[in-house]
Structures are given as C-alpha cells and as structure tokens.
Amino acid sequence: MEGVSVRKIKKICVFCGANSGKDVAFVNAAFHLGEVLGKRKIDLVYGGGKLGLMGCVSTAVAQHERQVLGIIPSAFTVNNLVGETCGKEIKVATMQERLVMMMEFSDAFIALPGGFGTLEELFQMISWAQLSIHNKPIGVLNINGFFNGLLSFVDHAVKQEFITPRARKILISATTADELVDKLQAFRFESDPALSKLKWSPSSSQKEKLDLTLRL
C-alpha cells in the first residue's frame with residue numbers, strides 16, 4: 001500500500017450469521033478472518049454468543065489474545081439461547097441500541113455471510129454513512145461469491161438512479177480477509193455535500209442517543 005495513507009483501525013465490528021451455512025468455506029473464512037484480525041492486532045466487536053460464524057470469528061480473535069466485545073440484547077441471554085460470549089459482554093435492551101453501540105465502539109465494519117439480521121446490520125451502517133452519521137469504512141467478505149447477487153443488485157440500483165455513484169463507494173468488497181482489511185484501511189469517505197450538512201445530536205446520554213431509525 002505504498003503511497004496510500006492508511007486509516008488506523010483498532011476495532012472492527014463483524015456482522016455474520018448465527019448459523020454456519022451450507023459450505024464449510026464459510027466456517028473456514030470466519031476463522032481465518034479472526035486470525036487476520038488477531039495477527040494485525042485488531043480487536044473484535046460482534047453480536048455476542050458462540051453460534052455459527054459469530055462463534056468462529058470470535059474464538060479465533062480470542063485465541064490470538066485480542067480483545068473481544070459482544071454486544072447482545074438481554075432477550076438472547078435467557079436460557080443461554082446463543083451460548084456464552086467469547087470475551088467481554090454488554091447487554092442492551094433493544095436491537096437498535098445494540099447497533100448504535102456497535103457503531104460507537106468500532107472503527108470499521110465487515111459483513112460475512114449471514115441472513116436477514118446480517119443484511120439489516122450491513123445496510124443500516126451503509127445508510128448511516130450515507131447520511132454522514134459516521135464516516136467509517138464498511139466491507140463485505142465475498143466468500144465463494146456469496147455476495148455476488150447483492151453486489152449486482154446494488155449496482156443495478158445505481159443504474160436505475162436510486163443509489164448515487166458516490167454512495168455506491170461506501171460499500172467495499174473483497175474475496176480475502178487481508179485484501180478487505182487493506183481496503184478498509186485505505187478507504188477515504190466522500191460525503192454528500194447536502195447530507196453532510198445535517199446536524200446529528202451527540203449521544204451524550206442514553207435518552208439523548210441519535211434517532212437513527214431512518215432508513216433510505
């Protein structure tokens with residue numbers, strides 16, 4: 001990455017499935033991502049528990065003696081529904097509070113294969129970046145073409161002029177963990193001149209947190 005200024009990333013939030021998926025490559029890639037984060041001395045923020053790919057990536061990061069923070073709704077902890085979090089755990093009341101806290105604690109975001117929850121988290125972070133609520137890099141690890149359809153849809157939305165070319169740049173993709181982390185570090189946020197003028201209140205207290213329910 002010679003000649004490119006590198007963003008300092010200390011904590012990455014990983015969104016991924018609570019299932020392991022059909023292809024063993026998903027599990028292997030989740031473990032490998034955790035190893036890459038550990039070797040690069042990057043800590044992990046994730047949704048807590050030890051199920052599926054979430055358990056794989058958190059276990060790998062912890063094995064490399066990096067900090068792991070699981071942010072989990074209290075409802076998921078009843079009857080040990082999702083298993084024990086690998087590292088420190090913060091319990092929250094709602095899914096929205098969980099996502100806001102993930103944003104606040106992280107320097108960048110990576111999505112691994114997953115279902116509706118993973119996709120919601122990914123697109124929520126993208127829409128908040130578009131609104132200039134944050135300027136942190138966001139990427140998908142496209143394992144065995146898992147995100148090909150999603151990326152094609154996003155490009156289709158650009159062609160149909162529902163997503164601007166500037167906003168399209170928010171979503172980064174790569175096929176290997178090292179390449180993706182490199183791209184996140186090299187990312188330069190390009191805000192929309194109009195949206196960058198929006199004034200968002202600081203999250204100084206629990207009651208005064210940003211109203212981030214807007215979806216585009």
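Buried means under 20% relative accessible area, exposed over 50% and partly exposed in between (1.4 Å probe, protein chains only). All views show a predicted model, in which local features need pLDDT of at least 70, side-chain atom pairs count only at pLDDT 80 or more, and totals for chains, interfaces and linings use all residues. Residues are numbered from 1 along each chain as its sequence is written, and side-chain values use heavy atoms, with hydrogens and water left out.

View 1. Helices (H or I, at least four residues) and strands (E, at least two) are DSSP runs, numbered from the N terminus. The buried residues of α4 are Thr-118, Glu-121, Leu-122, Gln-124, Met-125, Ile-126, Ser-127, Trp-128 and Ala-129. Among the elements that cover them are β1 (11-15), α3 (95-105), β5 (108-111), β6 (138-141) and β7 (171-174); contact here means heavy atoms within 4.5 Å. Just after α4, Ser-132 has a positive phi of about 65°.

**View 2. Ile-143 in the loop between β6 and α5 (148-159).** Ile-143 counts as buried because its relative accessibility is 7%. Leaving out residues up to four places away in sequence, Ile-143 touches Ala-25, Phe-26, Ala-29, Leu-112 and Pro-113. Glu-121 is 22 residues from Ile-143 along the chain, and their C-alpha atoms are separated by 18 Å.

**View 3. The packing of α1 with helix α2 (residues 52-63).** Two packed helices are described by the angle between their axes and the distance between the axes. Axes are lines fitted to C-alpha atoms, for helices over the stretch in contact, and angles run from 0 to 180 degrees between N-to-C directions. For α1 and α2 the angle is about 30° and the axes are 7 Å apart. The two helices are therefore roughly parallel (under 35 degrees; over 145 is roughly antiparallel, 65 to 115 roughly perpendicular, and the rest oblique). The contact includes Phe-26, Val-27 and Ala-30 of α1 and Leu-53, Cys-56 and Val-57 of α2. Its residues divide into 11 nonpolar, two polar and one charged (Ala, Val, Leu, Ile, Met, Phe, Trp, Tyr, Cys and Pro count as nonpolar, Asp, Glu, Lys and Arg as charged, and the others, Gly among them, as polar).

**View 4. Helix α1 (residues 24-39) against helix α7 (residues 177-186).** The axes come within 9 Å and cross at roughly 50°, which makes α1 oblique to α7. His-32, Leu-33, Val-36 and Leu-37 of α1 meet Ala-177, Asp-178 and Val-181 of α7. Five of the residues in this contact are nonpolar, one is polar and one is charged.
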